[in-house]
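Hi there,

Here is the structure I promised to pass on to you.

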Amino acid sequence: MMRIKVINPNTTASMTALIGECARAVAGPGVTVDAVNPPSGPASIESHADDAYAVPGLLQEIVDGEAAGYDGYVIACFGDPGLKAARELARGPVVGIAEAGMRTAAYLGRGFSVVTTLARTVGHAHDLAEEYGVARQCLGIHACEIPVLALETDPHARVTILRACEEALALDGSDAIVLGCAGMADLCHDLSAELGVSVIDGVAAATTTVEMLVRLRLRTGKLGEFAPHPRYQDA
């Protein structure tokens, strides 16, 4: 039995439930997926400050997961907050949804577009594409200007995202779309059918990536940068 802990770094329980459903839908036989969020922190993550305030709760979920014996972890926020620190604390693999979504899209054609929430997050998404080695394949990052929590409440959110995807495909000439928010996770299949291209949900991509790494008995290297720091070994 494999156990994967999917961590929504914000505190919105309804979003955590959606994320959990999408992760469990792609998990293989014998894989248990538990979706959680910290008890305190930002209700949504839409800025660098939100990222910073979310990381302590996220890391505590990693520490608790290690005590509970989880095999691997997904960080379910497109900014991949705390990813390096989480890899340092965890024995098993830790995968962020931006990294998994972008790397998955890079397999599917010459290039991909990202459709995300707010324009203020676009610069960070570009930085992540550069860091993950897929900047050449990332042909454009487009914001819908829908706040994260409004993805659940705005009756026009789905249509707005669809139109942004259509515009991205037309402007960028891309072969795939990466959805730039965990709160969009349930839209990928319908959008793919309407757009005629692959639409990647990072939650699903990260969950299956963690599962693959665990099955291959692979984990983060612990001889250098990600070796456990003595200060936190008894955390």
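**Overall shape**

For 235 residues, a compact globule would have a radius of gyration near 18 Å, and the 17 Å of this chain agrees with that. The radius here is taken over C-alpha atoms, and the globule rule is 2.2 Å times the number of residues to the power 0.38.

Before the details, a word on where the values come from. This is a predicted model, in which local features need pLDDT of at least 70 and side-chain atom pairs count only at pLDDT 80 or more, while totals for chains, interfaces and linings use all residues. Residues are numbered from 1 along each chain as its sequence is written, and side-chain values use heavy atoms, with hydrogens and water left out.

Along its principal axes, the C-alpha trace spans about 50 × 35 × 35 Å. The chain has nine helices and eight strands; these are DSSP runs numbered from the N terminus, with helices being H or I of at least four residues and strands being E of at least two. Of the 235 residues, 54% are buried. Buried means under 20% relative accessible area, exposed means over 50%, and partly exposed is in between, with a 1.4 Å probe and protein chains only. The chain exposes about 10700 Å², and carbon and sulfur atoms supply 53% of that area; the areas come from the Shrake-Rupley method with a 1.4 Å probe, and for residues only the protein chains shown count as cover.

**Two crossing helices**

Two packed helices are described by the angle between their axes and the distance between the axes. In this model, the axes of helix α4 (residues 97-106) and helix α9 (residues 202-215) come within 8 Å and cross at roughly 90°. That makes α4 roughly perpendicular to α9. On this scale, angles under 35 degrees count as roughly parallel, over 145 as roughly antiparallel, 65 to 115 as roughly perpendicular and the rest as oblique. The axes are lines fitted to C-alpha atoms, for helices over the stretch in contact, and angles run from 0 to 180 degrees between N-to-C directions.

From α4, the residues Ile 97, Ala 100, Gly 101 and Thr 104 meet Gly 202, Val 203, Ala 205, Ala 206 and Thr 209 of α9. The residues of this contact divide into five nonpolar, four polar and no charged. In that grouping, Ala, Val, Leu, Ile, Met, Phe, Trp, Tyr, Cys and Pro count as nonpolar, Asp, Glu, Lys and Arg as charged, and the others, Gly among them, as polar.

**Helix α9 and the segment after it**

Val 214 is found in α9 and is buried, at 19% relative accessible area. Leaving aside neighbours within four places in sequence, Val 214 is in contact with Met 2, Asp 71 and Pro 93. Its C-alpha atom is separated by 9.7 Å from that of Arg 3, 211 residues away along the chain.

Leu 218 lies in the segment after α9 and is partly exposed, with a relative accessible area of 42%. Not counting residues up to four places away, Leu 218 touches Pro 93 and Leu 213.

**Other places to look**

Glu 145, in the loop between β6 (138-143) and α6 (150-153), likewise has a positive phi of about 60° without being a glycine. Glu 145 is partly exposed, at 49% relative accessibility.

Val 74 belongs to strand β3 (residues 72-75) and is buried at 0% relative accessibility. Beyond four places in sequence, the contacts of Val 74 include Ile 4, Val 6, Val 95, Ile 97, Ala 206 and Val 210.

Thr 12 is in the loop between β1 (2-7) and α1 (13-26). Thr 12 is buried, at 13% relative accessible area, and is in contact with Asn 37, Ala 43, Leu 149 and Glu 152, leaving aside neighbours within four places.

Best wishes

Key: Contact = heavy atoms within 4.5 Å.
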